[in-house]
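This report describes selected features of one protein structure. Please keep the sequence and the 3D view at hand while reading.

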Amino acid sequence: QVQLVESGGGLVQPGGSLRLSCVASGDVSSIYAMSWYRQAPGEERELVASISSTTGPYFSDSVKGRFTISRDDDKNTVSLQMNSLIPEDTAVYYCNARVQPSHMSYWGQGTLVTVSS
């Protein structure tokens, strides 16, 4: 089993920056990919960014060029650096880990990001 804890959310003005972090515990050696999702009120959860041990990072079109994702070599921590934030980025952000060999997903509790003047 894997447990995930996110941190770093908060209130920020448009154009500002935030850095989200996710720490994994448990069977961290089984993790092969970690991702950030977000869910705005009344909307479906969407994939924002992901990174795996075998490929480069992925970003959704809406955040490409503004967000970056990174992880440590032991795959136990993933961070999302969010720059040039806009109100449309307002959402609860969730950390996700996928594990071998089942490929099932584990989720963190979420951290709220609010972009507003």
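Strands are DSSP runs of at least two residues marked E, and they are numbered from the N terminus. The model discussed here is predicted. Within this model, Thr 111 belongs to strand 11, which covers residues 111-115.

Is Thr 111 buried or exposed? Its relative accessible area is 11%, and because buried means under 20%, Thr 111 counts as buried. The side chain of Thr 111 also reaches the backbone nitrogen of Gly 9, at a distance of 3.1 Å. Gly 9 is again found among the residues that Thr 111 touches, once residues up to four places away in sequence are left out. That list also includes Glu 6, Ser 7 and Gly 8, together with Leu 20, Ala 91, Val 92 and Tyr 93.

**The disulfide**

How many disulfides does a search of the whole structure find? The search finds 1. This disulfide is formed by Cys 22 and Cys 95, whose sulfur atoms are 2.1 Å apart. The link of Cys 22 and Cys 95 is left-handed, with -85 degrees about the S-S bond. Cys 22 lies in strand 3 and Cys 95 in strand 9, so the pair ties together parts that are 73 residues apart in sequence.

Methods:
Residues are numbered from 1 along each chain as its sequence is written. This is a predicted model: local features need pLDDT of at least 70, side-chain atom pairs count only at pLDDT 80 or more; totals for chains, interfaces and linings use all residues. Side-chain values use heavy atoms; hydrogens and water are left out. A disulfide is a pair of cysteine sulfur atoms within 2.5 Å. Helices (H or I, at least four residues) and strands (E, at least two) are DSSP runs, numbered from the N terminus. Buried means under 20% relative accessible area, exposed over 50%, partly exposed in between (1.4 Å probe, protein chains only). A polar contact is a pair of N or O atoms within 3.5 Å; within protein, one must be able to donate a hydrogen and the other to accept it, and residues adjacent in sequence count only if both atoms are side-chain atoms. Contact means heavy atoms within 4.5 Å.
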